[in-house]
Amino acid sequence: MDSERQRKVALVTGASRGIGRAIAVELAAADVTVVINYVQRREEAEAAVAAIQGAGGRALAVQADVSDRGAVEAMFRAIDERLGRLDILVNNAGIASRIDSITAITDESWHRTLAVNLDGAFFCLRAAIPRLRAAGRGRIVNISSGAALTGGAIGAHYAASKAGLLALTAKAARELAREGIAVNAVLPSVIETDMLDQIARGPEARERLSTAFPIGRFGRPEEVARVVRFLCLDAPDYLTGEFISLRGARL
Ligand SMILES: NC(=O)c1ccc[n+]([C@@H]2O[C@H](COP(=O)([O-])OP(=O)(O)OC[C@H]3O[C@@H](n4cnc5c(N)ncnc54)[C@H](OP(=O)(O)O)[C@@H]3O)[C@@H](O)[C@H]2O)c1
């Protein structure tokens, strides 16, 4: 019972597939109880829970659209009721719709992208802070993107949302540093997930883009997950306010 109570709890948003799922699996393998948030794909979220449980880990799925403040608050209340603590927040949920020129970005796609990628992270961060304080220390990792620094391939709406996440990371890290709560951002470049369909459409575009990386390939979700695991479980308190890129030597 004591070890149950001592087991850390992590919320990973957007963990039904892709990078979030890999992060959830990685944390669960390190004995962390993982809350798998998703918005639509319940079956995939339940499959991720089953995979973790099948490997001897602990996980549960909680639906919430992170852009909906009320839904986020309800998700945190569910975590309070079912698990009673929170030690780690990974703001991973994100959307991308490729729109090449700024003049083609509609108000709707601008607002929706900012709502999910930036408002969602803010709502979760704000709700997590009192819980992490109650736990006595904490770790927050925000999944930004290389696009935050380069503009990237998806569009200005996406790049701006991910750059906003860096500012949120920096300020949160400053505010929380003396409380043992480390806040860092991870900036993947191109990772093999469903989102790749938005970044490079078709085999030729993919081939061209992958060879632009000196390593000769795109990244894998598990590679991002290993960095997140380090930040959440192994990194010293002094490693906070940092932006860590995974970019296959494409400098
Ligand atoms: N793939 C890349 O190359 C790449 C590069 C840099 C950064 N990133 C960032 O990494 C993160 C994960 O990307 P990915 O490639 O793994 O994406 P993905 O395969 O498209 O998965 C997206 C995940 O986010 C969830 N989600 C979407 N909208 C949501 C909402 N409103 N509320 C809650 N969850 C929501 C999805 O849930 P459902 O399954 O229920 O739809 C899914 O679990 C994103 O923030 C993305 O911007 C990705």
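Two strands count as paired if DSSP finds at least two bridges between them. Strands (E, at least two residues) and helices (H or I, at least four) are DSSP runs, numbered from the N terminus. Residue numbers start from 1 along each chain as its sequence is written. The model is predicted, with pLDDT of at least 70 needed for local features and 80 or more for side-chain atom pairs, while totals for chains, interfaces and linings use all residues.

**First stop: the sheet.** Show the strands, and you will find seven of them in an open sheet with parallel pairing, ordered β3-β2-β1-β4-β5-β6-β7. At its edges sit β3 (59-63) and β7 (243-246), each pairing on one side only. From one strand to the next, the twist averages 20 degrees (axes are lines fitted to C-alpha atoms, for helices over the stretch in contact, and angles run from 0 to 180 degrees between N-to-C directions).

**Next, select 181-188.** This is β6, joined to β7 by four bridges, with the two running parallel. Pick Val186 and look for Ile244, its bridge partner in β7.

Helix α7 lies across β5 (138-143), β6 and β7, at about 160 degrees to β6.

**Last stop: 18-29 and 42-54.** Here α2 and α3 pack at about 25 degrees, their axes 10 Å apart. That angle makes α2 roughly parallel to α3 (under 35 degrees is the cut-off for this term). Zoom in on Arg21, Ala24, Val25 and Ala28 of α2, which meet Ala48, Ala51 and Ile52 of α3 (contact requires C-beta atoms, placed from the backbone, within 7 Å).

Key: Two residues are in contact if their C-beta atoms, placed from the backbone, lie within 7 Å. Angles under 35 degrees count as roughly parallel, over 145 as roughly antiparallel, 65 to 115 as roughly perpendicular and the rest as oblique.
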